[in-house]
Amino acid sequence: MHTAYGRTAWLVWAAGIFVYSVAMMHRASLGAAGLEAAEHFGTTPGIVSAFVVLQLSTYTLAQVPAGAMLDRYGSRAMLVAGAVAVGGGQVMLALVDDLPLAFAARVLFGIGDACIFNSVVRLLPNWFEPRAVPMLSQITGMGGALGQVGSVFVVLPLIVHLGWTNGLLAASGFSVFAVVLALFVRNAPPGV
């Protein structure tokens, strides 16, 4: 597939997909480590499932404000903000022992998560030919599946081998890398 902006377009898109995949890895981490979370917080798996519902509800409610901020500030700023919020939520979840603070961490996840996918998709029309945008949008969505797989093959083993706190802190390191990559994203090519 040809693009007028060459390799830079692919690098910008790849950085966006990485940020999105990391967010999905963190989002799905409680699904992969639900039993470990129930043990850590001294509760039942049913209560842990409420974490997921809260995060997805926050994600849904945050779509409109996140979209308005995306229009105002652009993809780069929203990717950075989203990666910081998701990473911060993961760090908070690693460090807290009580449920109310864990719920607050999941709210932070939801807010950050709402900033990311649309920000990546928003890059596509600026960097790629119009006929390529629908297919690249679909591939972007599938990039999230890589993150979900990462929750099983990265986050869960880290928690099992390092313990809850150290495992989640190690996993949050991916968010640091995501923030750094997001800083290199450009909303559009020069002159556009």
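What follows is a walk through a few spots in a predicted model. Local features are taken only where pLDDT is at least 70 and side-chain atom pairs only at pLDDT 80 or more, while totals for chains, interfaces and linings use all residues. Residues are numbered from 1 along each chain as its sequence is written, and side-chain values use heavy atoms, with hydrogens and water left out.

Helices here are DSSP runs (H or I, at least four residues), numbered from the N terminus. H26 has 0% relative accessibility, so it counts as buried (under 20% relative accessible area; exposed is over 50% and partly exposed is in between, using a 1.4 Å probe and protein chains only). Setting aside neighbours within four places in sequence, H26 is in contact with V86, Q90, R106, F109, A171, S172 and S175, where contact means heavy atoms within 4.5 Å.

Next up is helix α7, which has 30 residues (133-162). At 1.5 Å a residue it should span 44 Å, and its end C-alpha atoms are 41 Å apart, which agrees; the expected span is 1.5 Å times one less than the number of residues. Even so, α7 has a kink of about 40 degrees, centred on G150 (the bend is the angle between axes fitted to the seven residues ending at a residue and the seven starting there). G150 is also among the buried residues of α7, along with others including G143, G144, G147 and S151. The cover over these buried residues includes α1, α2 (34-41), α6 (99-127) and α8 (164-183). Just past the end of α7, G163 takes a positive phi of about 95 degrees.

Over in helix α3 (residues 45-61) there is S57, which is partly exposed because its relative accessible area is 35%. Its side chain reaches the backbone oxygen of V53 at 2.8 Å. The C-alpha atoms of S57 and I111 are separated by 9.8 Å, though the two are 54 residues apart along the chain.

A cavity is a set of points on a 1 Å grid over the protein atoms alone where a 1.4 Å probe fits but cannot get out, and lining residues have an atom within 4 Å of a point. The largest cavity has a volume of about 30 Å³, meaning the space filled by probe spheres set on the points, which are joined across faces, edges and corners. Its lining is made up of A66, G67, L70, A114, C115, N118 and S119. Helix α6 gives the most to that lining, with four residues.

Terms used:
Helix = DSSP H or I, 4+ residues; strand = E, 2+ residues; numbered from the N terminus. Polar contact = N/O pair within 3.5 Å; in protein donor to acceptor, adjacent residues only side chain to side chain. 1 Å grid on protein atoms, 1.4 Å probe; cavity = no way out; pocket = protein on both sides within 12 Å on 5 of 7 lines; lining within 4 Å.
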